[in-house]
Amino acid sequence: MLLRLGSNLARFVLSLCVATIAVFAMMRVLPGDPAVIAAGENASPQIVASLAHQFGTDRPLVVQYWDWFSGLWRGDFGISYVTRTDISPLVADKVQVSLILVTLAMALALAIAIPAGTIAAVRHNKPSGTLISALSQLGIAIPGFLLGIVLVSFFALRLGWLPANGWVAPVEGFSSFLSRLVLPVMALAGVQSAILVRYVRSAVLGIMHEDYLRTARAKGLSPLRALAKHGLRNAAIPVLTVTSVQFSALIIGAVVIERVFVIPGLGSMLLAAVGNRDLLTVQSVVMVLVAITLIVNLLVDMLYTILDPRIRAA
Amino acid sequence: MKKMFLSRAKNSAGSPASGVNSTLLMGSILVAVVLLSALLSLVFTPYDPVQANPSVRLSTPSATHWLGTDQLGRDLLSRILVGARITLLVGVLSVSIAALIGTPLGIWAGMKRGAVEEVTMRASDILLAFPALLLAIMFAAIYGASTVSAMVAIGLASVPGFARVARAGTLQVMNAEFVLAARAAAQPPVRIALRHVLPNITGMLLVQCSVTFALAVLAEAALSFLGLGTPPPVPSWGRMLQESQQYWGTFPLLTIVPGVSIAVAVLGFNLLGDGLRDKFDPKLGRGKA
C-alpha cells in the first residue's frame with residue numbers, strides 16, 4: 001500500500017513538473033519577449049533592453065525557467081510585468097475564494113447526483129428513473145454560466161430574494177457571505193450534478209446484478225438497504241474517477257461563473273490579467289489552476305487505494 | 001400480422017432497445033436544425049444581423065421580427081442564424097484538429113505498446129489538466145481574442161480524448177484474427193492501421209466527434225461570453241449573452257434566445273453521440289444515457 005501511495009506521489013510530482021514546462025513554453029517562448037510587449041510598440045531599443053534586464057528576460061530561457069520553477073515551490077510567482085507588484089499575495093488571497101466556491105459546488109453536485117443517480121438506476125425501467133435520466137441530459141446541455149444568468153435574473157433581479165452578485169469574506173459577516181454564495185454554487189453544481197448522475201446511474205446499474213447483492217437480498221435486506229450496505233462502496237470507484245476528471249471542468253467553470261457573479265477569485269484575476277496582457281500573472285494563475293486539478297487527481301488516486309482493498313493489495 | 005412481424009424484425013436488426021432510435025433521431029433533428037440555420041444564413045437572413053435600428057429596440061417577437069430585437073434594435077433571428085455559423089465553424093475545425101492529431105497518436109500507441117504508449121498516455125493525462133477553455137484563455141492572452149485561436153485551443157485540448165478512444169479501440173482490434181493474419185503476412189504497420197484498425201474503430205471515433213463537438217460549442221460560448229472569442233461585429237451566441245447582461249432582470253428575451261440556441265446545439269450533439277454509441281456498441285450504451 002505504501003508503495004502504491006509512493007508511486008501516486010511520484011507520478012503527481014512528475015506531472016506537475018511537466019505541466020510547468022508546458023505552461024512556461026506556451027506563455028514565455030511562444031509570445032516573445034515580455035519586455036517588448038510591456039514597453040509598447042513604439043518604444044526605443046534602450047527602453048526595451050532596460051525593461052528586459054529589469055524583468056530578467058534577457059537571460060537564457062533555461063535560466064528563466066529554473067528561476068520561475070524554483071520560485072513556485074517557495075510560493076513565489078515573481079513580479080507582474082504590468083502592475084510591477086508581487087503576484088504571490090494576490091494569488092494566495094484569490095485562491096481561497098475560488099476554493100470555497102469550487103468545493104461547495106462539488107459537494108452539492110455529489111449530494112444531488114448520488115441519490116438521484118441511484119434512484120435512476122434502481123428504477124431504470126420506471127417513469128421516475130427515465131425522468132431523472134432525461135433531466136440530466138437536459139442539464140448537461142445548459143452551460144453553468146447560462147444557469148447562473150437564469151438564477152440571477154429570477155431569484156435576484158425578479159424576486160429579490162438573494163443578492164445578484166458580489167463577495168463578502170466570511171469574517172466580515174457570515175450570513176451575507178452565505179447569501180452571496182447560494183446562487184453561484186447552485187449554478188456551478190447544476191451542470192456537474194447532471195453529468196455525475198449519468199455516471200452514478202451507470203455505476204449502480206453495473207453492480208445491481210452482482211452476486212453479493214443477490215446474497216444480501218436473499219438475507220432479507222430491502223433493495224435500497226442492500227445497495228447502501230454492499231453496493232455503493234463498489235459503485236464509488238468509477239464515480240470517483242469521474243469526479244476527479246470533472247474537477248478540472250469545475251475549476252474552469254468557476255472562472256466563468258466568477259464573471260457572472262462578480263466574484264473576486266482566481267478567475268477574475270486571470271481574466272483581468274488577460275485583458276492587461278499581463279503574461280506572468282496569466283502564467284501564474286494558470287499554473288495554480290492546473291496544480292489544483294493535479295492535486296485533486298492525486299487525492300482521488302489515494303482514495304482509491306483506501307476504498308478498494310483489491311487495489312491496495314495489488 | 002405479417003406487417004407487424006416485419007417491422008419488429010427490422011427494429012431488432014437495427015438496434016436492440018426501443019429508446020435507442022429515438023435518441024439518435026432526436027439528436028439528428030436538433031443538429032440538422034443548427035446546421036440548416038447556419039446554411040440558411042449564408043444565403044438569407046431576414047435583416048442585416050449587425051444593422052442597428054434604434055426605433056425598434058427591445059421589441060418582443062412580432063410578425064416583422066419573429067424573435068424580437070436587441071438593445072440596438074438588431075433582429076435577433078438574423079443574429080441567431082449567423083451565430084450558428086460561428087458555432088459550427090469552431091466546432092467543425094476544433095473537432096478536425098483533435099481527430100487528426102489524436103487518432104493517429106492513439107492508434108500508434110495501441111499498436112506499438114511499450115514506451116510509445118506510456119509516453120503518449122502520460123502526455124495526454126497531463127494535457128487533460130488543461131481544459132479547452134483554460135487553453136483558449138491562455139491563447140487569447142498570447143495572440144489576442146480571435147476565432148482562430150479559439151478553434152486551435154479547443155482542438156488541442158480535445159486531442160487526449162481522441163487519443164484515448166483510438167488507443168482503447170486499437171487494443172481491442174489488435175487481438176482480432178484478421179489483424180493477426182495481416183501481421184503474419186508481414187503487412188506494413190501503416191497499411192494494417194489504415195486497412196484493418198481504422199475502419200473497425202470508426203464508430204467509436206464518430207461518437208467521440210459528436211461528444212467533442214458538444215464540448216466545443218460549450219467552450220466557444222463561454223469564451224465569447226468572456227469577450228475572448230470571436231470579436232465584434234460578427235454575432236456569436238456567447239457574446240449575445242454577454243451583451244444581454246444589462247437586461248437580465250428586465251428583458252429576459254435577450255438571454256433566452258441565445259441561451260436556448262446554445263442548449264439546443266449542445267443537446268443535439270450529445271444525443272447524437274449517445275445514439276451513435278448505442279448503435280455501435282449496444283452493450284456499452286445500455287449503462288449510460
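**Chain contacts and salt bridges in the predicted model**

In this predicted model, 42 residues of chain B are in contact (heavy atoms within 4.5 Å) with 46 residues of chain A. About 3,700 Å² is buried between chain B and chain A, 74% of it on carbon and sulfur atoms; buried area here is the accessible area (1.4 Å probe) that two parts lose on being put together, summed over both. Residues are numbered from 1 along each chain as its sequence is written, and chains are lettered from A in the order in which they are written. Local features need pLDDT of at least 70, side-chain atom pairs count only at pLDDT 80 or more, and totals for chains, interfaces and linings use all residues, while side-chain values use heavy atoms, with hydrogens and water left out.

Between chain B and chain A there is 1 salt bridge, defined as a side-chain nitrogen of Lys or Arg within 4 Å of a carboxyl oxygen of Asp or Glu. Asp274(B) pairs with Arg198(A) in a salt bridge, with the closest N and O atoms 3.3 Å apart. There are also 4 residue pairs in polar contact between chain B and chain A, both residues being at pLDDT 80 or more. A polar contact is a pair of N or O atoms within 3.5 Å; within protein, one must be able to donate a hydrogen and the other to accept it, and residues adjacent in sequence count only if both atoms are side-chain atoms. On the side of chain B that touches chain A, at least two residues each come from α4, α5 (132-143), α9 (189-225), α11 (253-280) and α12 (282-287) of chain B. Helices are DSSP runs (H or I, at least four residues), numbered from the N terminus. The residues of this side of chain B comprise 30 nonpolar, 7 polar and 5 charged, where Ala, Val, Leu, Ile, Met, Phe, Trp, Tyr, Cys and Pro count as nonpolar, Asp, Glu, Lys and Arg as charged, and the others, Gly among them, as polar.

Over all chains, the structure holds 11 salt bridges. One of them joins Glu243(B) to Arg74(B), with 3.4 Å between the closest N and O atoms. Because Glu243(B) lies in helix α10 (residues 237-243) of chain B and Arg74(B) in the loop between α2 (18-43) and α3 (76-112) of chain B, the pair ties together parts that are 169 residues apart in sequence. Arg74(B) is buried, at 9% relative accessible area, whereas Glu243(B) is partly exposed, at 26%; buried means under 20% relative accessible area, exposed over 50%, and partly exposed in between (1.4 Å probe, protein chains only). Both residues belong to a network of salt bridges that links Arg74(B), Arg79(B), Arg239(B) and Glu243(B).

Asp125(B) and Arg122(B) form a salt bridge at 2.5 Å, N to O. These two residues are 3 apart in helix α4 (residues 114-128) of chain B and so are separated by about one helical turn. Asp125(B) is partly exposed at 27% relative accessibility, as is Arg122(B) at 24%. A further salt bridge, with closest N and O atoms 2.8 Å apart, connects Arg113(B) and Glu117(B). Arg113(B) is partly exposed at 42%, while Glu117(B) is buried at 9%.

Helix α6(B) is largely enclosed by the rest of the structure, because 8 of its 11 residues are buried. The buried residues of α6(B) include Met151(B) and Ile154(B), and their cover includes α3, α5, α7 and α9 of chain B. Ser158(B), in the loop between α6 (147-157) and α7 (159-174) of chain B, is also buried, with a relative accessible area of 12%. Beyond its neighbours within four places in sequence, Ser158(B) contacts Ala98(B) and Thr212(B).
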